[in-house]
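Hello,

Here is the structure you asked to look at. My notes follow below it.

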Amino acid sequence: MKKSMSDSEMLLMKCIWDEEEDISIPHLAEVLREKYGKDYKRTTIVTFLSRLREKGYVQTYRKGRLSYAHPVQTEEEYRQSIAVQDTQTWFGGQPSRYLSALVDQNGLSKEEAERIREILDEYFDD
């Protein structure tokens, strides 16, 4: 299991995942500023990327005069690992308790309930 990310590291990862290609540090700074209102200095971004690299979430490399970040796993893989970890840690490994907590907190539309039924039908369609 990888070490958890801080909120700021998670925000950087979200920006990295949202790009279709590897992202340069100047472009990452621009996205953070424009999309999230975070005006991090280059050195701060480099520090966050260094921590993310140590935790196994990104690879960084230089190309010419710029440094780039490349995600080690996809956002979907990360979300799945977090859901499994949270289910094990907080809900006794029972997905029904996890789902119940989500519904209790956020409510559930008819459309979402139908989508959950479809997922379960697909899963149990042997």
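**Strands, core and pocket**

In strand S3, Tyr-68 is the bridge partner of Ser-24. Please keep in mind that this is a predicted model.

Ser-24 belongs to strand S1 (residues 23–24), which pairs with S3 (residues 66–71) in the antiparallel sense over two bridges. S3 also pairs in the antiparallel sense with strand S2 (residues 58–63), this time over six bridges. One of the residues involved is Gln-59, whose bridge partner in S3 is His-70. S2 and S3 form a hairpin with two residues between the strands, and there Gly-64 takes a positive phi near 70°.

In soluble globular proteins, nonpolar side chains tend to be buried together. The largest nonpolar core here has 22 residues, and Leu-12, Leu-28, Ile-45 and Leu-49 touch the most other members. Helices H1 (7–18), H2 (25–36) and H3 (42–54) each supply at least two residues of this core, and H1 gives the largest share, six residues.

What is Leu-49 in contact with, leaving aside its neighbours within four places in sequence? The list is Leu-12, Ile-16, Ile-25, Leu-28, Val-58, Thr-60 and Ala-69.

Last, the largest pocket, with a volume of about 490 Å³. Its lining has 15 residues, and Pro-95, Tyr-98, Leu-99, Leu-102 and Ile-116 lie nearest the centre of the pocket. Helices H4 (75–90), H5 (95–106) and H6 (110–124) each supply at least two residues of the lining, and H5 gives the most, with seven. By type, the lining residues are ten nonpolar, four polar and one charged.

Regards

Definitions and conventions:
Residues numbered from 1 in each chain as written. Predicted model: local features only at pLDDT ≥ 70, side-chain atom pairs only at ≥ 80, totals over all residues. Heavy atoms only, no water. 1 Å grid on protein atoms, 1.4 Å probe; cavity = no way out; pocket = protein on both sides within 12 Å on 5 of 7 lines; lining within 4 Å. Points joined across faces, edges and corners; volume = space filled by probe spheres on them. Helix = DSSP H or I, 4+ residues; strand = E, 2+ residues; numbered from the N terminus. Nonpolar A, V, L, I, M, F, W, Y, C, P; charged D, E, K, R; others polar. Core = buried A, V, L, I, M, F, W, Y, C linked by side-chain atoms within 4.5 Å. Buried < 20%, exposed > 50% of the residue type's maximum accessible area, 1.4 Å probe, protein only. Contact = heavy atoms within 4.5 Å. Pairing = 2+ DSSP bridges.
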